[in-house]
Amino acid sequence: MTTGINIHTGSAMPLNQANVDTDQIIPKQFLTAVTRSGYGKHLFHDWRYLDQHEQVPNPDFVLNKAQYQGASILLTRENFGCGSSREHAPWSLDDYGFKVIIATSFADIFYGNCINNQLLPVQLTSEQMDQLFAIVEQDADAQITVNLQDQTVKVNDLSFGFDIAEQHKTNLLKGLDAIGQTLELDDKITAFENNLPQWQKA
Amino acid sequence: MATTLYDKIWQAHIVEAKKTAETGEEGLMYIDRHLIHEVTSPQAFAGLDDKNRKVRCPKRTFATMDHSISTRSLALDACGPTNKLQLQTLAENCEKHGIELFPVGHQKQGIVHVMGPELGLIQPGMTVVCGDSHTATHGAFGALAFGIGTSQVEHVFATQTLKQSKAKSMKVQVNGSLPIGITAKDIILAIIGKIGHAGATGHVIEYCGEAISGLSMEERMTVCNMSIEAGAKAGLIAPDQITFDYLQGREYAPKGENWQQAIAYWKTLVSDADASFDTVVELNAADITPQVTWGTNPGQVIGVNQAVPSPSDFADPIDKDSANKALSYMDLTPGQKLSDLSVNNVFIGSCTNGRIEDMRAAAAIAKQGKVAQGVTAIVVPGSVSVKAQAEAEHLDKIFIEAGFEWRLPGCSMCLGMNDDILTQGDRCASTSNRNFEGRQGRGARTHLVSPAMAAAAALAGHFADVRDYQ
């Protein structure tokens with residue numbers, strides 16, 4: 001990770017559903033790959049396609065609606081990304097083209113996985129989400145601007161603030177190599193290991 | 001200041017601490033044990049290789065093959081070339097980085113969360129991570145154990161640490177002793193039913209109370225295993241004599257003088273009597289009945305004799321909407337009795353319920369009858385060791401005699417990354433941990449139950465109250 005993210009403007013895809021689990025985001029049959037790329041076409045596979053070979057799109061599913069093609073912000077509801085820790089979930093969202101996910105709440109592991117993949121998770125209140133859904137369901141082209149530095153989401157004349165932990169914000173803004181940063185603390189890690197009682201040493 | 005068990009483990013593992021006004025305690029946490037498997041490690045190893053980095057502590061890292069393997073054959077290609085490539089990649093990466101691997105066919109192979117504890121790799125007070133959300137299982141030993149993503153797997157490989165923010169604490173106290181026929185699975189499903197599928201998000205749970213301290217280690221693992229199904233980061237149970245007795249003599253447990261020192265330390269790993277928790281939840285064991293999930297998340301659960309709920313039973317609009325969707329996917333009608341609901345598949349196994357006690361509990365029911373016509377029932381032991389022990393007790397013969405299939409160890413139908421998958425419209429009584437849409441196969445319907453309840457459903461051909469069998 002070298003590039004950071006700060007301000008993103010784009011249209012949004014309204015996935016108006018709570019408790020979307022990572023099995024829905026990317027089902028298990030796509031987890032046998034050994035690479036990080038190429039998962040976007042399988043994103044939301046079971047809901048998106050009527051057949052398992054991905055030949056027949058489900059016309060009722062929001063990802064297949066003409067007006068939402070090209071959306072780069074995903075709107076969703078409570079507990080998004082619950083279930084399995086598979087990082088294939090943020091990989092598939094990113095590969096599809098989403099840069100920001102705005103939800104009422106996120107599952108913990110998924111949230112951390114987003115941060116580690118430069119995918120910005122934004123948490124708003126239920127009422128604020130209602131307003132965003134209403135706007136996007138009425139006007140699919142509505143441009144939403146998410147500003148990480150200022151911690152704001154703006155659309156039309158609305159502006160919402162959001163919270164994010166300082167370390168997550170820094171990592172997203174600067175696109176830091178988390179491992180590289182920690183390796184700079186190598187002496188401290190070694191000192192910690194040396195201080196362990198003998199029976200706890202590896 | 002009075003501290004919780006979680007506080008104590010946190011304190012003992014922070015290499016470098018930071019405290020901020022907005023986010024509270026943060027720190028770089030040392031990781032004592034790293035378990036890996038074929039699905040969430042290849043991209044982490046590739047990341048190391050890209051930057052010419054090494055695995056810092058191969059001796060703290062152990063690998064097994066479990067998710068992508070066949071339960072009918074020991075051949076790596078039994079489930080196709082992509083599964084084989086993933087398994088071979090794990091073997092090559094472990095060889096290259098000097099990590100001990102228990103591959104298919106090895107006597108120590110098993111589901112990662114069954115294998116680790118039975119070898120004594122998991123001990124009280126440890127920090128344990130794995131690229132798998134059911135890592136919470138190991139909290140049964142009073143270890144802080146949590147699932148991580150692949151980027152974090154790579155971070156642990158390279159540094160043996162993780163950056164962490166301190167979670168909130170939740171005490172879940174289960175009072176009184178368990179009624180006959182009620183199992184650890186029923187306890188955890190009842191807890192999730194009470195607090196909800198996201199009820200513990202952002203928290204580390206400590207389970208306590210008479211009903212918890214009376215559980216065996218296998219049962220405690222079942223409880224902690226599903227902490228993630230309530231949204232929790234981890235689940236803990238304070239170590240006690242039951243924990244020490246389980247560990248003593250296991251291959252990787254401390255020995256001799258080290259054992260004495262370890263015990264002395266482990267005995268300090270309890271929450272202080274006056275420690276405070278951010279959230280406290282209490283249940284009475286006497287109120288818990290055999291649990292069956294009716295919906296598409298583990299919080300949508302009822303007692304076996306309760307009627308399927310109606311969306312109008314839920315006040316919260318989100319719960320109402322979820323109930324509507326779940327009833328439709330599960331093809332259920334409000335008011336329906338579970339005993340009227342036919343099942344055509346039964347799965348006994350997984351990191352939740354694939355241990356020897358689970359095999360014994362299911363076999364005790366299985367020997368009372370035959371698998372009903374039209375039902376396919378499979379039993380998948382959690383490890384080679386569980387399989388061997390079950391066979392020594394002739395449990396395999398009981399299952400086979402009753403019409404169950406007796407398989408090789410692996411994750412199997414819990415998530416169906418191999419060929420143990422269901423098809424559209426199948427209805428399964430499953431001892432696994434997730435009843436999400438499509439989890440066991442596209443369009444298939446999963447009901448989570450205990451091993452005894454699963455075996456009873458296999459014999460009856462529909463859900464049945466296991467208490468009628470004892």
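Modeller: In chain B, strand β3 (residues 33–36) is joined to β6(B) by 3 bridges, and the two run parallel; two strands count as paired if DSSP finds at least two bridges between them. Strands here are DSSP runs of E with at least two residues, helices are runs of H or I with at least four, and both are numbered from the N terminus. This is a predicted model, in which local features need pLDDT of at least 70 and side-chain atom pairs count only at pLDDT 80 or more, while totals for chains, interfaces and linings use all residues. Residues are numbered from 1 along each chain as its sequence is written, and chains are lettered from A and ligands numbered from 1 in the order in which they are written.

Within that pair, B:Arg33 has B:Val128 of β6(B) as its bridge partner. β6(B) also pairs in the parallel sense with strand β7 (residues 144–147) of chain B, over 4 bridges, and there B:Thr127 stands opposite B:Leu144. Now the side chains of β6 (residues 127–130) of chain B: B:Thr127 and B:Val129 point one way, B:Val128 and B:Cys130 the other, and all are buried. Buried means that 20 or more other C-beta atoms, placed from the backbone, lie within 10 Å of the residue's own; 12 or fewer makes it exposed, and anything in between partly exposed.

Chain A has a strand to set beside this. From β4 (residues 100–103) of chain A, A:Val100 and A:Ile102 point one way and A:Ile101 and A:Ala103 the other, and all are buried. Strand β3 (residues 73–75) of chain A pairs with β4(A) in the parallel sense over 3 bridges, with A:Ile73 opposite A:Val100.

Put together, 4 strands of chain A form an open parallel sheet in the order β2-β3-β4-β5. Its edge strands are β2 (12–14) and β5 of chain A, each pairing on one side only. The twist averages 20° from one strand to the next, where axes are lines fitted to C-alpha atoms (for helices over the stretch in contact) and angles run from 0 to 180 degrees between N-to-C directions.

Stepping back, chain A comes to 8 helices and 8 strands, and 42% of its 202 residues count as buried. Finally, the contact between the chains takes 46 residues from chain A and 60 residues from chain B, two residues being in contact if their C-beta atoms, placed from the backbone, lie within 7 Å.
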